[in-house]
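The sequence and the model are shown first.

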Amino acid sequence: MRFMGIIPQLVVNSIIAGAIYSMIALGFNMIYGATKFFNLAHGVMAAVGGYVVFFLTHSFGLSVWISVVIGVLAAGGFGVLTDVLVYQPLRRRQASQLILLVASLGVFTVLQALIAMIFTSQFKTLSIGNGVQQTYNLFGGIITTTQIVLVLCAVGCTMGLLILLNKTRFGRAIKAVSDDEEVARIVGINTDRIVRWLFFIGSAISGLGGILVGYDTGIEPTMGLALLLGGVVGSIIGGIGTIGGAFVGSFLLGFIENFGIWHISGEWKSAIAYTVLILFLIFRPRGILKK
Amino acid sequence: MKILKIQNISKHFEGVHALSKLSFEIEKGVITSVVGPNGAGKTTLMNVLTGMETFDNGTFVVGDIPLTKVKPREMPMYRIARTFQSVRLFEQMTVLDNVLVVLTERNILSAIFEKHSKYHEERAFGILKRIGLWEKRNELAENLSYGQRKLLEIGRALAMEPEVYLFDEPFSGLFPEMVKKVKSIMKELREEGKTIVLISHNMEIIRELSDHVIVIESGTFLAEGKPDDVLSRKDVLEAYLGE
Amino acid sequence: MEYIIHLAILTSIFAILGIGLNLVVGYTGLLSVAHAAFYGIGSYATAIFMKSFGVNFFIALLIGIIFSAIASFLIGLVLSRFKDDYYALASLGFNIIVWSIFLNWQSVTRGPLGIPAIGRPELFGFVFSENIFFLILSLIFVALVFGVSVFIGNSSFGRVLKAIREDEKAIQVFGYNTQMYKLTIFVIGAVLASVAGSLYATYITFIDPTAFNVMESVFVLSIIILGGLANLKGSVIGALFLILLPELLRFVGFPSDVAAQMRQLVYGLLLVLLMLYRPQGLMGEYKL
């Protein structure tokens, strides 16, 4: 059983990576589903969440729980802000997807720069105390408390969203907007409001992801880009625009990345992820799951 | 002489059969109208004939060349040019450029080094004068009126100097003066021995212009013949009333 | 005065980058976020061949061009299957892959350590070690690049590129092999980026992967959007603007580490504001 030694850890790592990416991918997919544009600023909301919590716990000494809640809400709030200030006005003018994409590049750059200016570019960790965590042994793979929380949150958010979409009136409205915004508006749905809610929920989940990553490894201003790209690749692999796709794709990516670097150096992770992205874009742009 | 033969062409989209074993023939040098109720497959037929969409089965015979696959960029080779129902101009380019781009070299190297050729400009001016857009030549296409845009579409097709013209709803939304102009251009083309395939909903114009009418319904051939005969047939009228 | 020369050289380098990207994005409508990859390939090729093989700058420049041309041909082939935002996304992916290679292929690129002491260009014994001479060299390159690009842009080929941007499927039916046109201009853009990369490597005489990441591609994109898509003069003006603006901020008194972030902030803000209020940029020729 010696050769099995590393596999359980790889599996655990894959699951953790998948959980992280899915937290970003969920919101990204929801926003894409409704507005049909790639919001490249989405990853920064994770950083926002992480830094708000950092600020509150380190500068105000607020308790972890309160800080996290505020952090999540703040990330959601920023998401809505970007929609109200930038995307909504552009959508009203029937701006093309490319304009929205370029605008989101701008938003991403601005927010990332602001964070770096306020908090410096240094890597910081969110962990309280001496940073040593309780670990558990899962069939040979080590996992920390934070990481378990991460996975549980990822699963929880996904299930929560699935229930929201499929079992509530609000969810039906979201689906209507995603299918055809024109028609939804004609039918009387306040599409702008729905989109704002999607930005809120999606960015909040992203923020939660960032916070948990902060507790797991740490935060730095550029974390948004790496997380975003993981989320984007996961979304596309799984099937862009769907919740289930975001979830499945992210975990698939987690596995591909971690098993992909099994025999080669870990720094090639990004290259592997994007090669996978491009392969999927070429051969299966609709993603793994059939609609 | 049959310049274009459509033989058992079928095309489906996500389970819906847009074209079902459609077959008919186009005579050279005359104006043939293709009519039918909405959704009959007329535009799909044009898209498929020009390679803008693929088709599942069947053969096109262009001249005497049978084709089971068509690529859009082969259109000059087959001497076919078309206009679009939804007017697909190059919006942020000038009227002159819209025509020039059809006249210039297709080969990349030649296109880079082609000198600003008087020959092309003169031909472009000739076409613009013919369709009455010469004064607007430096105007951006997106700033033209609707009627002028439809004229420019036709101008582009003229620039191709094809044997076969496919006009998709060239009259829709035009004011009477424009209609007159387009009708006279088509008559001139017929005089020149060109073949025209015309899709239109305007029965009056069809009766006036067409030498031959082909009726399509639900992607299949329904009837053909002289305009007055075909358009008063019971089954044709029913097809239209049913829509 | 030295400072102004320095800014002028940087402006030249980024003007070349902007002009090249403008041909791809502004004329042809391909939203490529991969430009920094070819900038980097030119830089690294030049640096490596000059240092390890003692090759003359001008030859190394040509070698860089060849590498960029090959890479862009292959990448362009894959990219030409994509449309619009998927194109942007895939090009982003390629930028990251190439950057990742710069970072991780340590045996060749020395990874994060970068390549130092590259040396200035030399021609028949004359070394361009004085910045003023380097500036003259750069300006000559800018003029060449500008001239070539204007020629291409105003040719029949350039007109077809614009038609592809406006409606690719429509221009196809008039007999054009649009895939080849797109591939050709992508390679041309990459070659021009490579030239800028070679200049950059021998000016700063030190390169590392951070100069060729995604943010750099976004920066060049800001330049051409600010200047005006499909307007080559605009790209030069845009480069001037975006290089100078942060320097002005430094005079206002921001500490230098904040200044770097301030620069990013300004670029980002500019992109957003341009999209909202003036997508046609300064020279106002084409609206995205």
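The sections below treat confidence, the contacts between chains, and selected residues.

## Model and conventions

This is a predicted model, in which local features need pLDDT of at least 70 and side-chain atom pairs count only at pLDDT 80 or more, whereas totals for chains, interfaces and linings use all residues. Residues are numbered from 1 along each chain as its sequence is written, chains are lettered from A and ligands numbered from 1 in the order in which they are written, and side-chain values use heavy atoms, with hydrogens and water left out.

The model scores ipTM 0.92 and pTM 0.92. Helices here are DSSP runs of H or I with at least four residues, numbered from the N terminus.

## Which chains touch

Contact means heavy atoms within 4.5 Å. Of the 2 pairs of chains that touch, chains A and C have the most contacts. Chain A and chain B do not touch, and their nearest C-alpha atoms are 13 Å apart.

## The interface of chains C and A

Chain C gives 38 residues to this contact and chain A gives 41 residues. Together they bury about 3,500 Å², 80% of it on carbon and sulfur atoms; buried area is the accessible area (1.4 Å probe) that two parts lose on being put together, summed over both. The count of salt bridges (a side-chain nitrogen of Lys or Arg within 4 Å of a carboxyl oxygen of Asp or Glu) is 0 between chain C and chain A.

On the side of chain C that touches chain A, the elements giving two or more residues are α4 (84-104), α9 (214-227) and α11 of chain C. The largest share, 14 residues, comes from α4(C).

S100(C) lies in helix α4 of chain C. With a relative accessible area of 2%, S100(C) is buried, a term for values under 20%, with exposed over 50% and partly exposed in between (1.4 Å probe, protein chains only). Leaving aside neighbours within four places in sequence, S100(C) is in contact with E267(A), W268(A), S270(A) and A271(A).

Q261(C) belongs to helix α11 of chain C and also counts as buried, at 17% relative accessibility. Not counting residues up to four places away in sequence, Q261(C) touches A113(A), A116(A), M117(A) and S121(A).

## The interface of chains C and B

Here 26 residues of chain C meet 29 residues of chain B. The two chains bury about 2,500 Å² between them, 63% of it on carbon and sulfur atoms. R159(C), V173(C) and F174(C) supply 31% of the area that chain C buries against chain B, more than any other three residues.

Across the interface of chain C and chain B the rule finds 2 salt bridges. R88(B) forms a salt bridge with D167(C), with the closest N and O atoms 2.9 Å apart. α7 (156-172) and α8 of chain C each supply at least two residues of the side of chain C that touches chain B, and α7(C) gives the most, 13 residues.
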